[in-house]
Amino acid sequence: DTEHACALLLVLIFTAVTLVNGVVLDAGESTVYPAWLKRLVEIQVLPLPLFFALATYAISLRIGQYGLTPLRLYAAVLCAIAGLYGLGYAAAAIRSYIGGPWLGWLRPVNIATSLLIVLVILLLHTPLADPLSMSARHQYARLLDGRADIRSFDFWSLRRDYGRVGFERFKELDENLDAMMDSGVFT
C-alpha cells in the first residue's frame, strides 16, 4: 500500500552495511569496542536476509501488477546486490558466534560484491540488459497478452520514455492497431 516498501527495506539494508563497515577495520577485526556493542552490531545484520526477501517480494509484486519500468529494473538489481550483502554479512555474524573472527568475512563479501556491482553496471549499459529496451518489450508484451488493460495502458510512456525500442513498439501498435483489434488481440 505504501508503494515504497522495497525502497524502505533497501535503505535499511544499505544503512546497516554502511554502519557495519564503519566499525570494522581492514583486518576484519573491530576496534576496541565493548563486547555488548560488538554483539549489537552483529545482531543488526542477522535480519538482513529477511529484509532482502521482503524487498524482493515487494518489487516483484509491483512488476507483476504494473510491468517492468527502468526504475523497477534498477530496484530489482539493487535488491540482488542487497541480498548478496545481507546474506554475506549475516553469514559473517553467524560465523563469529561459532568461533570465527568477528565479522571476518566482510572483506571477501565486500570485494566480491563490489566486483559484481561493476559487472552489473557495465551490463546495464549494453544492449543485453538495457533498462529502456527491456521495459519497452515487457510493457508491449503485457499489452498484447492482456495483462495490461488497453484503456489504462500508458502509450505516452511507451512512446516517449522507453527509448528507441519503446518508440518502435509504439509505431508498431499505431500502424497495426486496426488489424490487432479485428484479430481479437484487444477486446
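Visitor: Is arginine 151 buried or exposed?
Guide: This is a predicted model, and the accessibility is computed from it. The relative accessibility of arginine 151 is 67%. The cut-off for that class is over 50%, so arginine 151 counts as exposed.

Visitor: Which residue does arginine 151 meet in a salt bridge?
Guide: In general, side chains of opposite charge can pair when their charged atoms come close. For arginine 151 the N to O distance is 3.4 Å, and a salt bridge requires a distance within 4 Å. The partner is aspartate 149.

Visitor: How does aspartate 149 count by relative accessibility?
Guide: Aspartate 149 has a relative accessibility of 35%. Buried would need a value under 20%, and exposed one over 50%. Aspartate 149 therefore counts as partly exposed.

Visitor: What is the distance between the closest N and O atoms of arginine 147 and aspartate 145?
Guide: Arginine 147 counts as partly exposed at 48% relative accessibility, and aspartate 145 counts as partly exposed at 46%. The two form a salt bridge, with their closest N and O atoms separated by 2.9 Å.

Visitor: Which helix holds both glutamate 168 and arginine 164?
Guide: The side chains of these residues, glutamate 168 and arginine 164, meet in a salt bridge at 3.1 Å, N to O. Glutamate 168 is partly exposed at 34% relative accessibility, whereas arginine 164 is exposed at 59%. They sit four residues apart, so about one helical turn separates them, in helix 8.

Visitor: How many salt bridges does the count come to?
Guide: One of them joins arginine 147 and aspartate 145. Another joins glutamate 168 and arginine 164. The count comes to four.

Visitor: How many helices does the protein have?
Guide: Read along the sequence, the pattern is α-α-α-α-α-α-α-α. There are zero strands, and the number of helices is eight.

Visitor: How far does helix 4 reach from its first C-alpha to its last?
Guide: Helix 4 covers residues 70–97, which is 28 residues. At 1.5 Å a residue, a span of 40 Å is expected. The value in the model is close to that, at 41 Å.

Visitor: Which residue with a positive phi follows helix 4?
Guide: The phi in question is near 110 degrees. The residue that has it is glycine 99.

Visitor: Within helix 4, is glycine 83 buried or exposed?
Guide: Glycine 83 is part of helix 4, and its C-alpha is 10.0 Å from that of threonine 113, 30 residues away along the chain. The relative accessibility of glycine 83 is 2%. Since the cut-off is under 20%, glycine 83 counts as buried.

Visitor: What kind of aromatic pair do phenylalanine 14 and tyrosine 85 form?
Guide: The count of aromatic pairs comes to three. In this one the ring centres are 6.3 Å apart and the planes are at 85 degrees. Planes over 60 degrees apart put a pair in one class, so phenylalanine 14 and tyrosine 85 are edge-to-face.

Visitor: How many residues apart are phenylalanine 14 and tyrosine 85?
Guide: Phenylalanine 14 lies in helix 1 and tyrosine 85 in helix 4, so the pair links distant parts of the chain. Phenylalanine 14 is partly exposed at 24%, while tyrosine 85 is buried at 10%. The separation in residues is 71.

Visitor: What is the angle between the planes of phenylalanine 153 and phenylalanine 155?
Guide: Phenylalanine 153 is buried, with a relative accessible area of 11%, and phenylalanine 155 is partly exposed, with 26%. Their aromatic pair is edge-to-face, at 4.9 Å centre to centre. The angle between the planes is 70 degrees.

Visitor: Which helices each supply at least two residues of the lining of the second largest pocket?
Guide: The second largest pocket holds about 300 Å³ of space. Of its 15 lining residues, those closest to the centre are Tyr66, Gln139, Ser152, Phe153 and Asp154. The lining divides into five nonpolar, five polar and five charged residues. The helices that each supply at least two are helix 3, helix 6 and helix 7.

Technical notes:
Residues are numbered from 1 along each chain as its sequence is written. This is a predicted model: local features need pLDDT of at least 70, side-chain atom pairs count only at pLDDT 80 or more; totals for chains, interfaces and linings use all residues. Side-chain values use heavy atoms; hydrogens and water are left out. The expected span of a helix is 1.5 Å times one less than its number of residues. On a 1 Å grid over the protein atoms alone, a cavity is a set of points where a 1.4 Å probe fits but cannot get out, and a pocket is an open set with protein on both sides within 12 Å along at least five of seven lines; lining residues have an atom within 4 Å of a point. Grid points are joined across faces, edges and corners, and a volume is the space filled by probe spheres set on the points. Ala, Val, Leu, Ile, Met, Phe, Trp, Tyr, Cys and Pro count as nonpolar, Asp, Glu, Lys and Arg as charged, and the others, Gly among them, as polar. Buried means under 20% relative accessible area, exposed over 50%, partly exposed in between (1.4 Å probe, protein chains only). Rings of Phe, Tyr and Trp (its six-membered ring) pair if their centres lie within 6.5 Å; planes under 30 degrees apart count as stacked, over 60 as edge-to-face and the rest as tilted.
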